[in-house]
Amino acid sequence: MAGFHNEHEPLGGSILSKTTIICGILAFIAVVLLAKRMVLGLGSVTNLNNGYPWGLWIVYDVVIGTAFACGGYAMAVLTYILNKGEYHPLVRPALLASCFGYTLGGISIIFDLGRWWNAWHILVPGYMQTNSVMFEVALCVMAYILVLWVEFAPAILTRFKLLHLRKKLDKVLFVFIALGVLLPSMHQSSLGTLLVVMGYQIHELWQTPILPLLFLMSAITMGFSIVVFEALLGSGGFQRSVKHEMPQLGKLAAIIRTMMIVYLVVRFGDLAVRGALGAIFTSGLKSVMFLIEIALFATPVVLFSSAQKRASKKFLWIGACCLLLAGALYRLDAFLVAYQTGAGWSYFPSVQELLVTIGIIAAEILLYIVFVRKFPVFYTHKLTPAELAAAHTK
């Protein structure tokens, strides 16, 4: 808008607080437990078994965690591919969260591998299994982590006043932005393909040939939701006004609502076509989990139904939280609750598994706080002379 000047600036302030201290302690506990896992093996920390070769770590850190980290991807599509420049102030905070979400998720995969010392095989052509969905996911996630940090590099270069390097990077940044849209589109959909190839082992309420589409749609919507969530959470946690971002957050809510309507129509249409609608009420615990999941998905459709509601921080907050919970529960249900490996096998995460996951989340929060205080991440709205004059007369 004419007359306005905006720029990214560090928030400043002390890094030490109750939040960062607690997060630091939880992250340290996770590091200790992961060290124990590396020395004594997976069985010393997890409840994994031959029937359940993956558990909470893979499902949260990779499947759920990377969907939570789709804010950068979703905003890149909206801002750069669809050329909606008005959303640019929301891009860098979303990108930073994506950097940490994907980086910590990628690192955590190493700890979930039985033979982690062979992880380097994925980069050697002689060992590559190009027909494997897991191979495609792993390669895309690794590449996307590098792309994310290149996309965030302008903030780092600005912080250290390496402006000449930033100018050079800006000339080729469009290539990485394009990759930043392509790679998550590939691996988020392929996470759904992982379940397709498992066939009858996944319950019919979740098993469908269109799982790649459903996973991609929900990931993009979760990406928009995490942007709304972070903006509102940051306004309280960092005492930062989001007044000038509310119009964009409201428009994101409208996009979320539209995408959720389409998602639910596709989801129930698929159940109808496959003749699986009856299973919604006859599958015991799975029915309960499915209905909770759908109720959470449907909540933003109601809460974001009018412009007035979309202008409310309260409705934006509740709607974004419900959709994030819905997307997380959908992935948890699909990978663990709906997984029917056969009689005699069961799985529930150990306390140590839970502590590691909580520690990873805490580490992400801690790093995010450090970066937004020390690096130019948030847009700072600069008052015009007219606004300054109005402020002084109050």
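Helices (H or I, at least four residues) and strands (E, at least two) are DSSP runs, numbered from the N terminus. The structure is a predicted model, in which local features need pLDDT of at least 70 and side-chain atom pairs count only at pLDDT 80 or more, while totals for chains, interfaces and linings use all residues. Residues are numbered from 1 along each chain as its sequence is written, and side-chain values use heavy atoms, with hydrogens and water left out.

**Cavities**

- A cavity is a set of points, on a 1 Å grid over the protein atoms alone, where a 1.4 Å probe fits but cannot get out; lining residues have an atom within 4 Å of a point.
- The whole structure holds 2 cavities of 30 Å³ or more, with volume taken as the space filled by probe spheres set on the points, which are joined across faces, edges and corners.
- At least two lining residues of the largest cavity come from each of α4 (91-112) and α7 (211-237), and α7 has the largest share, 3 residues.
- By class, the lining of the largest cavity has 8 nonpolar, no polar and 3 charged residues, where Ala, Val, Leu, Ile, Met, Phe, Trp, Tyr, Cys and Pro count as nonpolar, Asp, Glu, Lys and Arg as charged, and the others, Gly among them, as polar.
- The second largest cavity, of about 40 Å³, is lined by Leu205, Trp206, Thr208, Leu214, Arg267, Asp270, Leu271, Arg274 and Tyr330.

**Nonpolar surface patch**

- Leu16, Ile21, Ile25, Phe28, Ile29, Val32, Val351, Leu354, Leu355 and Ile358 make a nonpolar surface patch of about 910 Å².
- Patch residues have over 30% relative accessible area and no salt bridge, and nonpolar side chains (Val, Leu, Ile, Met, Phe, Trp, Tyr) are joined within 5 Å, like charges within 9 Å.
- A salt bridge is a side-chain nitrogen of Lys or Arg within 4 Å of a carboxyl oxygen of Asp or Glu.
- α1 (18-40) and α12 (351-374) each provide at least two patch residues, and α1 gives the most, 5 residues.

**Loop residues**

- Leucine 16 sits in the loop between β1 (5-9) and α1 and is exposed at 66% relative accessibility.
- Alanine 311, in the loop between α10 (307-310) and α11 (313-337), is exposed at 54%.
- Exposed means over 50% relative accessible area, buried under 20%, and partly exposed in between (1.4 Å probe, protein chains only).

Definitions and conventions. Accessible areas come from the Shrake-Rupley method with a 1.4 Å probe; for residues, only the protein chains shown count as cover. On a 1 Å grid over the protein atoms alone, a cavity is a set of points where a 1.4 Å probe fits but cannot get out, and a pocket is an open set with protein on both sides within 12 Å along at least five of seven lines; lining residues have an atom within 4 Å of a point.
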